[in-house]
Amino acid sequence: MKPLLPLFLGAALGLAAATSALAIERGGSMAFARYDDSAIIDPVYADRNPDLWMINAFYETLLRNGPDGSIVPGLAESHAVSADGKAITLTLRSGLKFSDGSPITGEDVIFSLDRARNPDLGPWAGLLGSVENVTAEGDTVTLALKQPDPTILSILATFNTGIMPKAAFEKAAGATDQEKAQAFFAGGPVTSGPFMLKSRVQGASMSFARNPNYWRPGEDGKPLPYLDEVTFAVIPDDATRILKLQAGEVDAAEFIPFARVGELGADPNLKMELFPSTRIVYAPINTRETRADGAKNPLADVKVRQALNYATNKDVLIKLVTFDTGKPMTSLMSAATQLHHGPAPLYPYDPEKAKALLGEAGLSGGFEVKLTTLAGSADDATLFTALQQMWAPLGVNLTVEQVDNPTRGEKNRSGAFDIHTYGWANDVNDPAQVTGWLGYYKQRQAVGTGWNNAEFNTLFEASNSEVDPEKRKGEYKRMQEIYAQEAPLLFLFETPFAVAVSRSIDGYVQTPLGANDFSEAWRAK
């Protein structure tokens with residue numbers, strides 16, 4: 001877990017649609033090299049990317065994210081929002097079936113959404129916090145809300161609201177919901193999505209078979225998916241994944257190191273895909289008046305935070321770390337996030353302006369800053385070395401503290417840091433998630449920075465019940481302007497998802513939210 005558009009999904013999800021229906025081949029399999037294994041593919045309990053990004057293969061949602069980021073019908077063929085914004089009515093498609101042939105009913109929807117919003121179960125219950133109750137009459141499902149919720153339609157297209165079979169789940173062994181979830185997954189779950197679990201060797205491999213009862217039509221008018229099977233090999237080592245791909249032992253490999261993108265892009269047998277993503281790399285800045293040791297904190301001054309941003313050459317960092325595959329941040333959120341506002345890169349490199357700002361802050365003589373990095377991370381090491389050299393002419397003595405990930409998280413929560421490295425990718429197709437995490441003080445003190453801006457907080461709270469799209473857009477625009485000016489982060493860069501794919505495979509995409517989508521993938525024979 002990291003720790004939604006207009007998404008540039010059109011560039012990604014439109015790949016399959018751009019292919020002539022007459023050219024699409026059905027059948028065959030695709031082999032995919034993963035960096036890690038899935039522990040449990042369950043909409044409620046999944047909290048790691050290797051789990052989250054596979055859920056859409058097994059469990060369909062009532063609504064879906066369309067190619068342009070809009071909300072489109074899923075298992076529900078239509079939906080309506082009441083005039084007061086406090087009720088959502090959805091009509092299920094007729095004839096829907098789970099992978100075992102049993103019908104998908106309103107009772108399954110109630111079961112799935114009640115599970116998803118139960119705060120005693122998984123970590124995502126808060127996404128449905130506005131829901132008072134869920135009822136069904138025939139194929140009509142109604143969500144009664146405690147208050148208007150502008151995010152609710154996006155949540156109904158989010159992994160945690162995937163529809164599961166009530167009867168089959170309740171038959172699974174176990175005394176608790178979590179025990180049943182584990183047994184249900186291990187036994188080969190009944191699914192509503194395009195695939196079913198065929199086999200699994202924990203930590204090594206997994207295979208999916210097509211769901212013969214899946215509803216969504218492909219380009220040829222017949223139900224998806226096109227492939228009969230997708231197999232997965234768990235290969236943590238980057239170099240080994242690439243070797244297996246080059247040898248033709250797998251058809252695709254994820255998380256290609258940016259240093260290898262150019263090489264693989266030149267391979268005539270491969271397509272080097274740089275899928276648009278919501279991933280940002282940034283560095284939270286401790287904005288509290290005092291440091292953890294009680295000393296005065298120079299970073300509490302907005303001019304100092306602005307100066308460090310101006311003193312950072314983002315173009316150089318992008319070249320060093322992403323090998324020119326990234327792009328500068330233009331907002332607190334990625335450009336692929338809904339309601340993004342950022343007309344230009346934030347804080348273009350201007351060392352003279354940085355020097356002037358430090359002078360205005362009374363720090364012309366320089367000061368010391370500690371950068372907390374992730375031990376063993378080559379990217380973090382590169383960032384530290386580059387920043388140390390960039391900031392030295394300003395009299396800023398940058399030192400490094402290398403820690404493991406749990407320690408870095410604890411320092412973030414306690415405020416025992418100056419600046420530390422971090423990254424984020426959206427889980428939800430709505431800006432509320434990233435904005436709340438990075439900027440809203442009441443949610444983890446604005447990504448641990450301690451930044452507390454009354455206008456920002458008020459706007460964020462108002463936006464969470466604003467159902468007028470234009471008003472909400474204006475609220476987000478203003479929040480992003482405030483955040484950019486206040487600079488509680490060192491704004492670094494956005495990166496794509498780098499996946500290398502055999503030229504014999506078409507239609508596979510990784511969405512901006514990270515999900516691996518094999519539903520429209522096909523193999524040329």
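Mentor: Buried means under 20% relative accessible area, exposed means over 50%, and partly exposed lies in between, with a 1.4 Å probe and protein chains only. This is a predicted model, in which local features need pLDDT of at least 70 and side-chain atom pairs count only at pLDDT 80 or more, while totals for chains, interfaces and linings use all residues. Residues are numbered from 1 along each chain as its sequence is written, and side-chain values use heavy atoms, with hydrogens and water left out.

Trainee: Okay, is Arg48 buried or exposed, or partly exposed?
Mentor: Arg48 counts as partly exposed, because its relative accessibility is 28%. Arg48 forms a salt bridge with Asp51, with the closest N and O atoms 3.5 Å apart; the term requires a side-chain nitrogen of Lys or Arg within 4 Å of a carboxyl oxygen of Asp or Glu. Asp51, at 2% relative accessibility, counts as buried.

Trainee: How many salt bridges are there in the whole structure?
Mentor: The search finds 27 salt bridges. One of them joins Glu520 to Arg216, with 3.3 Å between the closest N and O atoms. That pair links distant parts of the chain, 304 residues apart, with Glu520 in the loop between strand S21 (516-517) and strand S22 (522-523), and Arg216 in the loop between strand S9 (205-210) and strand S10 (229-234). Helices (H or I, at least four residues) and strands (E, at least two) are DSSP runs, numbered from the N terminus. Both Glu520 and Arg216 are buried.

Trainee: And which residues do salt bridges with shared partners join into one network?
Mentor: Glu455, Lys477, Arg478 and Glu481 are joined in that way.

Trainee: Switching to rings, how many aromatic pairs does the structure hold?
Mentor: The structure holds 26 aromatic pairs, counted when the centres of Phe, Tyr or Trp rings (for Trp, the six-membered ring) lie within 6.5 Å, with planes under 30 degrees apart called stacked, over 60 edge-to-face and the rest tilted. Trp53 and Phe255 are a stacked pair, at 6.1 Å centre to centre and 10° between the planes. They are 202 residues apart, with Trp53 in the loop between helix H2 (49-52) and helix H3 (55-58), and Phe255 in the loop between strand S11 (252-253) and helix H9 (261-265). Trp53 is buried at a relative accessible area of 5%, whereas Phe255 is partly exposed at 34%.

Trainee: What about Tyr310 and Tyr347, how are their planes set?
Mentor: Their planes stand at 75° with the ring centres 4.9 Å apart, so the pair is edge-to-face. Both Tyr310 and Tyr347 are buried.

Trainee: Which residues have the most contacts inside the largest nonpolar core?
Mentor: Leu62, Leu143 and Phe208 do, in a core of 68 residues; a nonpolar core is a set of buried Ala, Val, Leu, Ile, Met, Phe, Trp, Tyr and Cys residues joined through side-chain atoms within 4.5 Å. Helix H4 (residues 106-116) supplies the largest share of this core, five residues. Apart from it lies another core, of 60 residues, including Met329 and Val447.

Trainee: Last one, what order do the strands take in the open sheet of three?
Mentor: The order is S15-S14-S16, with parallel pairing, where two strands pair if DSSP finds at least two bridges between them. Strand S15 (396-403) and strand S16 (419-420) stand at the edges with a single partner strand each, so one side of each is left without a neighbour in the sheet. Leu371 stands opposite Ile419 in S16.
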